[in-house]
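Hello,

Here is the structure I said I would pass on. Please open it first, then read my notes below.

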Amino acid sequence: MEIAQRNEQTDGADQVSRARCWFKGLAEKLMHKVLEIASKTKKLGQEDPRRIIHSVKVGLAITSVSLFYYFDTLYDGFGVSAMWAIMTVVVVFEFSVGATLGRGLNRGLATLLAGALGFGAHRLATSFGEKFEPVVLGLSVFLFGAVVTFVRFFPKIKARYDYGLLIFILTFSLISVSAYRTDQVIQMAYQRLSTILIGGAAAIIICVVICPVWAGDDFHSLVASNLEKIATFLEEFGSQYLKASSAELVVNKEFPQGYKSVINSKATEESLANFAKWEPRHGMFRYRHPWEKYLEVGNLTRQCAFRIDALNGYLTSEIQVPQEIGAKIQEICKKMTSETSLALKEVALGMRTMTMPSSSADSHIENARMEAKHLKSLLKTRSWPDSTDLLDIVPVAAVASLLIDIVACTEKIADTVKELAPLAHFKAAVVTAGQQKQLTRQQTHGREETHHIITMGESSPE
């Protein structure tokens, strides 16, 4: 009996110990989870402090329109329909001014039009008598719902007015169907429209007045930043990819990977461009700012990023390039990437500061183009040793071909930015005396290189 009691006490102590360990582990997991969430929250706020401001603005807008429920005088005027003002703020208030304006105008105009048509459908249905009234209302709902839904499939309409068309279908259906059971159609449409306008106006005013976030600014900065990321990669690539050592060429795998975000930026650019079109004039951005040209620059930048992604594949390749082959194009490729990188940086600087691209960008592009011609002629001469394996030549030829394409793409980017500059009213670039001397030296150096390349031919007029 005594042994059994001791065993029971031991089992009880073990259970208490296991329970204590379980609760201790649970507390540690909860604490770790709380710290992890706090760290992510802090990081999210530090990445873009505007997110915190936006959250406060949304809370302020919802609180302001909820006063319709707190004050009897306001509530008596709108009744339960005051809830539509709160719902409008929730669905309309977006991060940027352009997105908020787009949603607010879409919702307001769609509600106004749908309310008028819903009332008209009700009046038309009542003229057919009580027997055919539901038939006419059902046909009107079917007709407008089907037609407007089909219109939403048009790409340009879907990009800018999809939300408004959706609200139109909802409002028209609610008013026309509800009118069958109530005679206060005008009052219902008026209350719904007025509360939606009040909620939309509150959201727009708070979004524009308090620390506004302009989609046009973000779009402008994104396009310039993408150009800088491409330039940074090319700068590193030219100085590291074909770096010769005593035995073989070394490939440096530590490269900036910012270009990958450029590849996936199409959806963001199109969304920001759509929002920017709704925004009024602010700063250097006019109402009809040429955002389409920005999209063209973004598309060309992505084409360049795709070629850079292919170059990055050769950085991580296990195939080693023989020194005698890489040495022939090492200096040319280095100059090509260096000049292309400098040209892209000049263009990006012009985009970011909204100034005309300096003439030094043209000089860098011209130098890169001359190096590309030199590289083409070198590849055509087939001046490789007879014992060279074809597999050793293919990677070098592929890299050279990609670099030539990047130079051509850079030239297209510069030309597009030049077309954008007068349309966007870029300021004229101020060239200092030191920059003018540097430009003169670059142009003279470019002419000397051109002369050198010409004299290498079999027959030269000089």
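**Salt bridges**

Asp48, Arg50 and Asp218 are joined in a network of salt bridges. Bear in mind that this is a predicted model. The total is 16 salt bridges. Side chains of opposite charge can pair when their charged atoms come close. Three further pairs are worth a look.

Start with arginine 51. Its side chain meets that of glutamate 47 in a salt bridge, at 3.5 Å from N to O. Arginine 51 has a relative accessible area of 34%, so it is partly exposed.

Next, go to glutamate 94. Its side chain forms a salt bridge with arginine 103, at 3.2 Å from N to O. Glutamate 94 is partly exposed, at 27% relative accessibility. Arginine 103 is partly exposed too, at 27%.

Then find lysine 418. Lysine 418 pairs with aspartate 362 in a salt bridge, and their closest N and O atoms are 2.7 Å apart. What does this pair tie together? Lysine 418 sits in helix α16 (residues 390-423) and aspartate 362 in helix α15 (residues 359-381), so the bridge links parts that are 56 residues apart in sequence. Lysine 418 has 35% relative accessibility and counts as partly exposed. Aspartate 362 is also partly exposed, with a relative accessible area of 34%.

**A nonpolar patch on the surface**

Which residues form the nonpolar patch? They are Leu67, Tyr69, Tyr70, Phe71, Leu74, Val80, Met83 and Met87. Together they have about 740 Å² of accessible area. Two helices, α3 (67-70) and α5 (83-92), each supply at least two residues of the patch. Helix α3 gives the most, with three residues.

Leucine 74 belongs to the patch and lies in helix α4 (residues 72-78). Is leucine 74 buried or partly exposed? Its relative accessible area is 31%, so leucine 74 is partly exposed. Patch residues need over 30% relative accessible area, and leucine 74 has 31%.

**Two buried residues**

Histidine 282 is in the loop between α12 (266-276) and α13 (291-315). Its relative accessible area is 10%, so histidine 282 is buried. Which residues does histidine 282 contact, leaving aside its neighbours within four places in sequence? They are Trp214 and Asp217.

Threonine 301 is in helix α13. At 2% relative accessibility, threonine 301 counts as buried. Leaving aside neighbours within four places in sequence, threonine 301 is in contact with Asn226, Leu227, Ile230, Val262 and Ile413.

**Cysteines**

How many disulfides are there? The count is zero. Take cysteine 409 as a case. Its closest cysteine sulfur is in cysteine 304, at 4.6 Å, which is too far for a bond. A disulfide needs the two sulfur atoms within 2.5 Å. Cysteine 409 is buried, with a relative accessible area of 4%. Cysteine 21, by contrast, counts as exposed, at 51% relative accessibility.

**Where to start**

I would begin with lysine 418 and aspartate 362, the pair that ties α16 to α15. After that, turn to the patch and its α3 residues. Finish with threonine 301 in helix α13.

Best wishes

How values were computed: Residues are numbered from 1 along each chain as its sequence is written. This is a predicted model: local features need pLDDT of at least 70, side-chain atom pairs count only at pLDDT 80 or more; totals for chains, interfaces and linings use all residues. Side-chain values use heavy atoms; hydrogens and water are left out. Patches are made of residues with over 30% relative accessible area and no salt bridge: like charges are joined within 9 Å, nonpolar side chains (Val, Leu, Ile, Met, Phe, Trp, Tyr) within 5 Å. Accessible areas come from the Shrake-Rupley method with a 1.4 Å probe; for residues, only the protein chains shown count as cover. A salt bridge is a side-chain nitrogen of Lys or Arg within 4 Å of a carboxyl oxygen of Asp or Glu. Helices (H or I, at least four residues) and strands (E, at least two) are DSSP runs, numbered from the N terminus. Buried means under 20% relative accessible area, exposed over 50%, partly exposed in between (1.4 Å probe, protein chains only). Contact means heavy atoms within 4.5 Å.
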